[in-house]
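Visitor: I would like to learn how to read the packing features of a protein model. Could you take me through them one at a time?
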Amino acid sequence: MSSYETMPYHLETERLILRPWEESDAAEFSALLSERGDGETYTVERGRKGIAGLLAATETTGIALLPVQRREEGDFIGYCGLIIGRSALEEPEIAYELFRHAHGRGYATEAAGAVLDAAAATGRKRLWSTVGSWNTPSLRVLEKLGFERDRVSMEGTKEVVWLTRSLP
């Protein structure tokens, strides 16, 4: 465990609730991952295993990727949170993914803003994000949140943009 405070695992915004994973999220989590269209098969069992892995990572790191649900409707629309990813526990990555039907409504910006506040509460001073250069909507979300481009790298044939943001 690090010298940082544990990230809050329950966050609320005006329209959203970010909360810990439950086994009952497995079907929707699998459906979200299947929507990527990357040729992978995401079964409910694979979703359960993914959730178990996320919970185990949270236990050891003190940071979390959290399900996002709309407050009024109560439906699962994606996830948002902190991960080690391509970075380090001291300066983790912010990550988010929403169902396509939830795109374009400001939910990603709203959820990520709550996660930025949660990250600052842990005592961290900087966050990273890595995004495919083709993902213009995600890059716009990060720019709205004050992230700045740091560099570009190649992963195989895909270009990855690295962005960073200092925390108060």
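Visitor: What does the charged end of Arg-151 sit over?
Guide: A charge sits over a ring if NZ of Lys or CZ of Arg is within 6 Å of the ring centre and within 35 degrees of the ring normal. Here the charged end of Arg-151 sits over the ring of Trp-162, 4.0 Å from its centre. Arg-124 does likewise with Tyr-4, its charged end lying over that ring at 4.3 Å from the centre. Please keep in mind that this is a predicted model, where local features need pLDDT of at least 70, side-chain atom pairs count only at pLDDT 80 or more, and totals for chains, interfaces and linings use all residues. Residues are numbered from 1 along each chain as its sequence is written, and side-chain values use heavy atoms, with hydrogens and water left out.

Visitor: Which kind of pair do the rings of Trp-128 and Trp-162 make?
Guide: Rings of Phe, Tyr and Trp (its six-membered ring) pair if their centres lie within 6.5 Å; planes under 30 degrees apart count as stacked, over 60 as edge-to-face and the rest as tilted. The count here comes to five aromatic pairs. With centres 6.0 Å apart and planes at 85 degrees, the rings of Trp-128 and Trp-162 are edge-to-face. Trp-128 belongs to strand E6 and Trp-162 to strand E8, 34 residues apart, so this pair links distant parts of the chain. Strands (E, at least two residues) and helices (H or I, at least four) are DSSP runs, numbered from the N terminus.

Visitor: Are Trp-128 and Trp-162 buried or exposed?
Guide: Buried means under 20% relative accessible area, exposed over 50%, and partly exposed in between (1.4 Å probe, protein chains only). Both Trp-128 and Trp-162 are buried. Glu-155, in strand E7 (residues 148-155), is partly exposed at 37% relative accessibility.

Visitor: What about the rings of Trp-21 and Phe-76: how are they arranged?
Guide: Their centres are 6.1 Å apart and their planes stand at 50 degrees, so this pair is tilted. Trp-21 lies in the loop between E2 and helix H1 (26-34) and Phe-76 in strand E4, so the pair ties together parts 55 residues apart in sequence. Both Trp-21 and Phe-76 are buried. Together with Phe-29, Tyr-79 and Phe-99, they form one aromatic cluster.

Visitor: Which residues touch the most other members in the largest nonpolar core?
Guide: A nonpolar core is a set of buried Ala, Val, Leu, Ile, Met, Phe, Trp, Tyr and Cys residues joined through side-chain atoms within 4.5 Å. In the largest one, of 35 residues, they are Met-7, Leu-11, Leu-18, Cys-80, Leu-82, Ile-94 and Phe-147. Helix H3 (107-121) is among the elements supplying at least two residues, and H3 gives the most, with nine. Apart from this core lies another of 12 residues, including Tyr-42 and Leu-65.

Visitor: At what angle do H1 and H2 pack?
Guide: Axes are lines fitted to C-alpha atoms, for helices over the stretch in contact, and angles run from 0 to 180 degrees between N-to-C directions. H1 and H2 pack at about 100 degrees, with axes 8 Å apart. Angles under 35 degrees count as roughly parallel, over 145 as roughly antiparallel, 65 to 115 as roughly perpendicular and the rest as oblique. That makes H1 roughly perpendicular to H2. Contact means heavy atoms within 4.5 Å; among the residues making it are Phe-29 of H1 and Leu-54 of H2.
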